[in-house]
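The exercises below ask for residue pairs to be located and classified by geometric cut-offs. Each task is followed by its solution in steps.

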Amino acid sequence: MGGCGTGILSLFAAKAGAKHVYGIDMADIAFKAQQIVKDNGFEGRVTIIKGKVEEVDLPVEKVDIIISEWMGYFLLYESMLDSVLFARDKWLAKDGLLFPDKATMYMCGIEDADYKSQKIEFWNNVYGFNMSCIREDVMKEPLVDICNPQQVISETTPFFTIDLYTVTKEGLDFETAFKVNFTQQNYLHALVAFFDVEFTKCHTRTGFSTGPHSKYTHWKQTVFYLDEELAVEPSTTITCNIKVNRNAKNARDIDIKLGSEYVSYGNMVKQDRQYFMR
């Protein structure tokens, strides 16, 4: 278990019957986890190791299961997935299991005139002064927040899936096209990304969603505001292209280029914007 934190997942695994559990964390919380393990009587079955997954040694050659809560905002922002893949390739036994083992990213459209007016367009005229240069900075950074499901005006479209058994570190940089189909007449102000994760190897397949129609999670949703609002109706389809790359200076940061094409009254409307998650 990489990034084990307080060791709660390690304790759950031991309580569920694991013969021995190894938890790894590079932060000083590892010392607290060691004490928590001792205080709860699991010293003989749970070992907490302080260090980076990529640098530590385990007292065993292989493990049967790797458990990690590696997901970040937009699934990949500040993600621990690189470390999970390193651990998979180094320690996971043949036919070993990963929990979770599948993640899918989705996009939908929302109406959000009030927020965009108050927090973004506000900078165009601040008590009579033009501060639009700040508007540009605000637009470049996606908003991580909860979206009211009543604001969703489109179907949900999957655009990227990760299979943890086969994905490579290089495969986490990607570019893909997808379409968003709208379900009502309204104005589109932003595209919203979220993800599902699955535990496909459990006796009963399970998982959870971080979408606007699902129960709250701390991952919330990731909102990409468009430069220009678009009038849509149930027959409207927007063709989008998204390119996601880990930042060259800090692999835990993400650079996202999102483009859209939309036909309105016979005219093609194109929008492209570079976003940065820092």
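**Exercise 1. Count the disulfides and examine Cys108.**

Step 1. With a disulfide taken as a pair of cysteine sulfur atoms within 2.5 Å, the count is zero.

Step 2. Note the basis of the count. The model is predicted, so local features need pLDDT of at least 70 and side-chain atom pairs count only at pLDDT 80 or more, while totals for chains, interfaces and linings use all residues. Residues are numbered from 1 along each chain as its sequence is written, and side-chain values use heavy atoms, with hydrogens and water left out.

Step 3. For Cys108, the closest cysteine sulfur belongs to Cys147 and is 6.9 Å away, which is too far for a bond.

Step 4. Classify by relative accessible area: buried is under 20%, exposed over 50%, and partly exposed in between (1.4 Å probe, protein chains only). Cys108 has 1% and is buried, whereas Cys133 has 58% and is exposed.

**Exercise 2. Classify the aromatic pairs Tyr115 with Tyr225 and Phe195 with Trp219.**

Step 1. Rings of Phe, Tyr and Trp (its six-membered ring) pair if their centres lie within 6.5 Å; planes under 30 degrees apart are stacked, over 60 edge-to-face, and the rest tilted. The count is eleven aromatic pairs.

Step 2. Tyr115 and Tyr225 have centres 5.6 Å apart and an angle of 10 degrees between the planes, a stacked pair.

Step 3. Helices (H or I, at least four residues) and strands (E, at least two) are DSSP runs numbered from the N terminus. Tyr115 is in helix 4 (residues 113-120) and Tyr225 in strand 11 (residues 221-232), so this pair ties together parts 110 residues apart in sequence. Tyr115 is partly exposed at 26%; Tyr225 is buried at 5%.

Step 4. Phe195 and Trp219 have ring centres 5.8 Å apart and planes at 75 degrees, so they are edge-to-face. Phe195 is in strand 9 and Trp219 in the loop between strand 10 (206-209) and strand 11, 24 residues apart. Both Phe195 and Trp219 are buried.

**Exercise 3. Describe the salt bridges of Lys50 and Asp173.**

Step 1. A salt bridge is a side-chain nitrogen of Lys or Arg within 4 Å of a carboxyl oxygen of Asp or Glu. The count is 13 salt bridges.

Step 2. Lys50 bridges to Asp28, with the closest N and O atoms 3.8 Å apart. Lys50 lies in strand 2 (residues 46-50) and Asp28 in the loop between strand 1 (21-25) and helix 2 (29-39), so the bridge ties parts 22 residues apart in sequence. Lys50 is partly exposed at 36%, and Asp28 is exposed at 54%.

Step 3. Asp173 bridges to Arg246 at 3.1 Å between the closest N and O atoms. Asp173 is in the loop between strand 7 (157-163) and strand 8 (174-181), and Arg246 is in strand 12 (residues 237-246), 73 residues apart. Asp173 is partly exposed at 32%, while Arg246 is buried at 17%.

Step 4. Asp82 joins Asp173 and Arg246 in a network of salt bridges.

**Exercise 4. Which residues does Glu198 contact beyond its neighbours within four places in sequence?**

Step 1. Glu198 is in strand 9 (residues 186-199) and is partly exposed at 21%.

Step 2. With contact meaning heavy atoms within 4.5 Å, the residues are Pro100, Asp101, Lys102, Arg205, Thr206 and Gly207.
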